[in-house]
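Trainee: I am new to this structure and would like to go through it step by step. Could you show it to me before I start asking?

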Amino acid sequence: MPPTQPSAVRASTSGATLIDALLSASAAGIIELLSPNPPGWGGTLLVGLLHSIEIALGATCLGLLIGTGGAYGKLYGGPVVRDLLAVYTTIVRAVPELVLILLLYYAGTDLINQALTAMGYQRVDISGLAAGIAVLGFVQGAYSTEVIRGAILAIPQGQIEAARAYGMSPGLLLRRITLPAMLPFAIPGLANLWLIATKDTALLAVVGFYELALATRQAAGVTKAYFTFFFAAGVLYLLLSLFSNLIIGRVEAWSRRGMPSLKEAR
Amino acid sequence: MANEAAIINAVARTSLWLQPHRIVLILIALGLVLSAAFFMRWDWLPQYYEMGLIGIWRSLWILAVTCVLGFLLAVPLGLAQATGSFWFAAPAKVFCTVIRGTPLLIQLWLLYYGLGSLFPQYPWIRESWMWPYLRQAWPYGVLALTLSFAGYEGEVMRGAFAGVPKGQLEAARAFGMSRWKTFRRIWLPQAIYRALPTLTGETVLQLKSTPLVATISVIDIFAVSSKVRQDTYLTYEPLLLLALIYMTITGILVFAFSRIEARIPNKIG
């Protein structure tokens with residue numbers, strides 16, 4: 001037996017000080033495990049977080065595009081467009097995201113590759129980032145369609161009629177009147193969607209996209225320090241949410257500029 | 001007479017709904033379903049039929065248990081935030097923020113892998129009566145989903161409790177009701193009426209969260225479909241059927257809640 005045995009190991013043989021020993025041993029280990037340099041896994045987690053934020057940003061932007069188009073289709077489109085959009089939003093909101101992600105991922109890559117081979121090109125591997133953004137964006141689009149539709153309906157009708165009376169083209173009307181005027185009504189719902197998007201990126205880990213949840217799972221699996229790593233990942237997600245809330249508050253105040261404050265309105 | 005009028009009304013509504021373009025869309029949808037039924041492989045169905053039913057039952061069971069337990073937990077959480085002193089309100093607020101700010105998947109894995117890997121180190125846990133349960137996966141899944149539902153619904157209940165007009169509570173006090181009776185007869189029922197529309201949405205969201213328990217080896221309907229996909233190398237058929245099953249359950253849930261909502265008095269406050 002070596003003369004200088006680590007205190008944690010020696011203490012663990014006696015039952016009384018077991019918890020103390022474990023706590024001190026894990027406290028010493030946690031810092032090493034989470035350090036950003038290679039023996040620690042902190043860097044891996046941060047890269048994963050970056051991927052998560054990238055996917056969430058891309059998915060939200062794509063969702064906003066689909067949502068604006070969808071809301072316009074639902075409000076001003078013909079009967080067929082309206083019914084098809086109703087089917088889209090209903091189905092996407094009724095099926096679990098996990099199932100949708102699997103279905104869209106397989107179906108999407110399959111369709112693209114079949115189209116490419118039909119046109120005489122080579123099959124391609126679709127990057128995880130692009131696929132993740134496309135899949136989550138499609139899901140987000142259904143929710144933002146409803147949010148933006150409600151926000152457009154909340155705009156006083158006279159503003160849109162006035163813009164039409166000035167002879168604005170539909171594109172100009174959208175850019176100058178509809179989008180800015182609906183923003184204060186849409187921001188709370190869209191902010192909620194952004195928070196959902198950041199959390200939904202974790203689901204992509206199940207399909208095997210490299211982001212924070214999967215990075216955490218790898219780190220935890222290698223080091224066996226499951227609690228430490230999942231706790232650390234939870235803290236990272238929480239910080240992202242809290243930071244987003246801060247930004248959202250600013251954006252909401254900016255979008256409501258010139259309007260009476262909510263407190264006075266009551 | 002009233003009956004006839006109702007029938008005429010219903011016919012009018014149906015003809016309004018069933019416009020020509022809708023008939024075409026329905027025919028196209030039928031064509032898609034029929035071609036899926038005939039051109040895709042469904043020969044695995046008899047073999048996995050029983051397993052699927054057990055999976056559906058387990059998903060529904062998890063949904064029901066976690067919603068009921070989560071709601072029971074959400075009531076004190078909402079109450080503490082709506083009225084409690086700082087020492088009650090702050091922890092409830094922190095709990096709701098943490099649950100709503102982190103993905104359910106991470107919460108689930110933290111409980112199952114994290115706590116689950118810590119427990120065996122302590123002999124007194126291994127010798128306790130809880131150990132046979134703690135070695136299985138489903139208690140962790142139920143716990144994580146319950147806490148998640150409580151976190152989201154606690155925030156809703158806070159608004160619902162705060163939204164009950166003060167006059168109602170003052171009237172109850174004037175009738176000489178004790179605080180507990182006021183809460184039980186006036187405050188809680190009215191808060192639940194207010195929260196009911198959002199409760200529908202939360203329950204559907206909870207249903208859509210249940211497949212996550214498949215990632216910690218609970219065999220629900222999602223896990224059954226994954227097993228079919230692994231066994232038969234089919235990609236789409238099990239997933240499409242799974243989506244159909246979830247849509248059916250969602251439809252039933254929304255219908256049931258709308259029936260319940262129709263029963264409550266709608267003039268509140």
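Trainee: From which domains of chain B does the lining of the second largest pocket draw at least three residues each?

Mentor: Please keep in mind that this is a predicted model. The pocket in question has a volume of about 1,500 Å³, and among the residues closest to its centre are L32(B), V33(B) and M247(B). On the side of chain B, the domains that each give at least three residues to the lining are domain 1 (1-39) and domain 2 (43-263).

Trainee: Which helix gives the most to the lining of the second largest pocket?

Mentor: Helix 4 (79-94) and helix 5 (97-118) of chain A each supply at least two residues of the lining, as do helix 2 (20-39) and helix 12 (236-263) of chain B. The one that gives the most, with nine residues, is helix 2 of chain B.

Trainee: How many residues of the lining of the second largest pocket are nonpolar?

Mentor: The pocket is lined by 34 residues, and V87(A) and I91(A) are among the closest to its centre. In the lining, one residue is polar and three are charged, while the nonpolar ones number 30.

Trainee: Which side chain meets that of R22(B) in a salt bridge?

Mentor: Chain B and chain A are in contact through 38 residues of chain B and 39 residues of chain A, and the area buried between these chains is about 3,400 Å², with 78% of it from carbon and sulfur atoms. Two salt bridges are found across this interface. At 2.6 Å from N to O, the salt-bridge partner of R22(B) is D83(A).

Terms used: Residues numbered from 1 in each chain as written. Chains lettered and ligands numbered in written order. Predicted model: local features only at pLDDT ≥ 70, side-chain atom pairs only at ≥ 80, totals over all residues. Heavy atoms only, no water. 1 Å grid on protein atoms, 1.4 Å probe; cavity = no way out; pocket = protein on both sides within 12 Å on 5 of 7 lines; lining within 4 Å. Points joined across faces, edges and corners; volume = space filled by probe spheres on them. Helix = DSSP H or I, 4+ residues; strand = E, 2+ residues; numbered from the N terminus. Nonpolar A, V, L, I, M, F, W, Y, C, P; charged D, E, K, R; others polar. Domains from an automatic or database assignment. Contact = heavy atoms within 4.5 Å. Buried area = accessible area lost by both parts, 1.4 Å probe. Salt bridge = Lys/Arg side-chain N within 4 Å of Asp/Glu carboxyl O.
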